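Hi,

Here is the structure I promised to pass on. Have a look at it first, and then read my notes below.

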Amino acid sequence: MSGARLTVAVDTDACCAMGRCAATEPQVFDQDPDTGTVVLLQTEPPPGLHETVRLCAELCPCTAITVTED
């Protein structure tokens, strides 16, 4: 979806602290140093990061990442 707006949301309660998202796209995701749970750095990442953000949502073993495009 070229040119579409992509919005990211995370459910920290669902996060199982695997860190795949932070390792895959550190410009958008980080991990809390105390709990290891996901920290969202950008809710609307630029188009150049959309592909890896979608991948992060697919890779998340806890389905804690939601990607919405419009």
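Let me start with L59, which is partly exposed at a relative accessible area of 35%. By that I mean the band between buried (under 20% relative accessible area) and exposed (over 50%), computed with a 1.4 Å probe on protein chains only. L59 sits in helix α2; helices (H or I, at least four residues) and strands (E, at least two) are DSSP runs, numbered from the N terminus. Setting aside neighbours within four places in sequence, L59 is in contact with R20 and T24, where contact means heavy atoms within 4.5 Å. From L59 to T24 it is 35 residues in sequence and 9.3 Å in space, C-alpha to C-alpha.

Before you go further, a word on what you are looking at. This is a predicted model, in which local features need pLDDT of at least 70 and side-chain atom pairs count only at pLDDT 80 or more, while totals for chains, interfaces and linings use all residues. Residues are numbered from 1 along each chain as its sequence is written, and side-chain values use heavy atoms, with hydrogens and water left out.

Now the cysteines. How many disulfides does the structure hold? There is one, a disulfide being a pair of cysteine sulfur atoms within 2.5 Å. The partners are C16 and C62, with their sulfur atoms 1.8 Å apart. The link is left-handed, with -70° about the S-S bond. It ties together distant parts of the chain, 46 residues apart: C16 is in the loop between β1 and α1, and C62 is in the loop between α2 and β4. C16 is partly exposed at 38% relative accessibility, whereas C62 is buried at 16%.

C21 and C56 are another matter. C21 is in no disulfide, and the nearest cysteine sulfur, that of C56, is 6.0 Å away. C21 counts as buried because its relative accessible area is 10%. C56 is likewise in no disulfide, its nearest cysteine sulfur being that of C21. With a relative accessible area of 1%, C56 is buried.

C21 also turns up in the largest nonpolar core, which has 14 residues. Such a core is a set of buried Ala, Val, Leu, Ile, Met, Phe, Trp, Tyr and Cys residues joined through side-chain atoms within 4.5 Å. The residues with the most contacts inside it are V8, C21, F29, V53 and I65. Two or more of the core's residues come from each of β1 and α2. Apart from neighbours within four places in sequence, C21 touches P26, F29, V38, C56 and I65.

On a 1 Å grid over the protein atoms alone, a cavity is a set of points where a 1.4 Å probe fits but cannot get out, and lining residues have an atom within 4 Å of a point. The largest cavity holds about 110 Å³, the volume being the space filled by probe spheres set on the points, with grid points joined across faces, edges and corners. Its lining has 17 residues, and M18, G19, R20, C21 and C60 lie nearest the centre. α1 and α2 are the elements that give two or more residues to this lining. The lining divides into 13 nonpolar residues, three polar and one charged; here Ala, Val, Leu, Ile, Met, Phe, Trp, Tyr, Cys and Pro count as nonpolar, Asp, Glu, Lys and Arg as charged, and the others, Gly among them, as polar.

Next, some backbone angles to check. Most residues other than glycine have a negative phi. A17, though not a glycine, has a positive phi of about 60°. A17 lies in the loop between β1 (6-10) and α1 (20-24), and is partly exposed at 31% relative accessibility. T63 is not a glycine either, and has a positive phi of about 50°. T63 is in the loop between α2 (50-59) and β4 (65-69), and is exposed, with a relative accessible area of 62%.

Two last stops. H50, in helix α2, is buried at 5% relative accessibility, and touches A4, L6 and P45, not counting residues up to four places away in sequence. D34 is in the loop between β2 (29-31) and β3 (38-40), and is exposed at 74%.

Over to you!

Definitions and conventions. 1 Å grid on protein atoms, 1.4 Å probe; cavity = no way out; pocket = protein on both sides within 12 Å on 5 of 7 lines; lining within 4 Å.
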